[in-house]
Amino acid sequence: MSDDLEQMGPVDYLVVEFPGNRMTGEGFPLLVDLVDRGIIRILDLVFIRKESDGSVAALELTDLGDEVDLTVFEGASSGLVGQDDIEEAGNALEPNSSAGILVYENVWAAPFARAMRRSGAQLVASGRIPVQDLLASLDVVEATP
């Protein structure tokens with residue numbers, strides 16, 4: 001197992017909220033495309049729902065209805081996402097909404113990550129810059145004479 005981990009790229013997670021439990025499925029073919037092209041590998045994909053009373057529960061793919069075909073994601077579970085993670089993700093959701101919790105390996109970065117590990121380097125910080133922050137920064141730069 002340790003050798004397998006040494007070969008992996010960085011692992012990230014996303015929690016994507018669907019307000020009002022409205023999931024169109026528009027992004028799912030794009031997610032499948034990322035996997036097919038070897039850019040990411042899905043480790044876990046869990047869907048949850050937060051009820052009006054604040055309770056949070058994991059959903060089965062069949063619970064999501066017939067509007068979206070998610071059969072391609074059946075079995076996408078490594079067991080990394082546990083009940084504590086589901087509860088924590090639920091805390092970020094508005095009542096009467098659903099979410100997908102996606103844990104994925106950045107396969108594209110694996111060769112770089114392996115080289116860094118071999119040289120003794122280690123990741124000490126990581127983060128994301130929200131698009132809104134980027135746009136605000138660009139607005140400031142463009143407004144500066």
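## The largest pocket

In this predicted model, four elements each supply at least two residues of the lining of the largest pocket: strand S1 (11-19), helix H2 (28-36), strand S2 (40-50) and strand S4 (97-106). The volume of the largest pocket is about 360 Å³. Its lining consists of 17 residues, and the closest to the centre are Leu 14, Val 16, Gly 27, Leu 31 and Leu 102.

What kinds of residue form the lining of the largest pocket? The lining divides into 12 nonpolar residues, 4 polar residues and 1 charged residue.

## Overall layout

The protein has 5 helices and 4 strands. Along the sequence, these elements follow the pattern α-β-α-β-β-α-β-α-α.

Taken along the principal axes, the C-alpha atoms fill a box of roughly 55 × 50 × 30 Å. The protein has 145 residues, and buried residues make up 29% of them.

## Salt bridges

How many salt bridges does a search of the whole structure find? The search finds 3 salt bridges. One of them joins the side chains of Asp 12 and Arg 128, at 3.6 Å from N to O. This pair links distant parts of the chain, since Asp 12 is in strand S1 while Arg 128 is in the loop between helix H4 (110-118) and H5, 116 residues apart. Arg 128 has a relative accessible area of 58%, and it counts as exposed because this value is over 50%.

Another salt bridge is formed by Arg 41 and Glu 105, whose closest N and O atoms are 2.8 Å apart. Arg 41 belongs to strand S2 and Glu 105 to strand S4, so the pair ties together parts that are 64 residues apart in sequence.

Asp 33 is partly exposed, with a relative accessible area of 33%. Arg 37 counts as exposed, at 53% relative accessibility.

## A nonpolar patch on the surface

Which residues form a nonpolar patch on the surface? They are Val 131, Leu 135 and Leu 138, and together they have about 290 Å² of accessible area.

Leu 138 is placed in helix H5, which covers residues 131-143. Its relative accessibility is 48%, so Leu 138 counts as partly exposed.

## Val 56 and strand S3

Val 56 is in strand S3, which covers residues 56-59. Its relative accessibility is 15%, and Val 56 counts as buried because this is under 20%.

How far apart are Val 56 and Leu 93 in sequence and in space? They are 37 residues apart in sequence, and the distance in space is 9.4 Å from C-alpha to C-alpha.

## The backbone at Asn 96

Asn 96 is in the loop between helix H3 (83-91) and S4. Although Asn 96 is not a glycine, it has a positive phi of about 60°. Most residues other than glycine have a negative phi.

Is Asn 96 buried, exposed or partly exposed? Asn 96 is partly exposed, with a relative accessible area of 38%.

Notes. Residues numbered from 1 in each chain as written. Predicted model: local features only at pLDDT ≥ 70, side-chain atom pairs only at ≥ 80, totals over all residues. Heavy atoms only, no water. Patch = residues over 30% accessible without salt bridge, like charges linked within 9 Å, V, L, I, M, F, W, Y side chains within 5 Å. Areas by Shrake-Rupley, 256 points an atom, 1.4 Å probe, with all protein chains shown as cover. Salt bridge = Lys/Arg side-chain N within 4 Å of Asp/Glu carboxyl O. Buried < 20%, exposed > 50% of the residue type's maximum accessible area, 1.4 Å probe, protein only. 1 Å grid on protein atoms, 1.4 Å probe; cavity = no way out; pocket = protein on both sides within 12 Å on 5 of 7 lines; lining within 4 Å. Points joined across faces, edges and corners; volume = space filled by probe spheres on them. Nonpolar A, V, L, I, M, F, W, Y, C, P; charged D, E, K, R; others polar.
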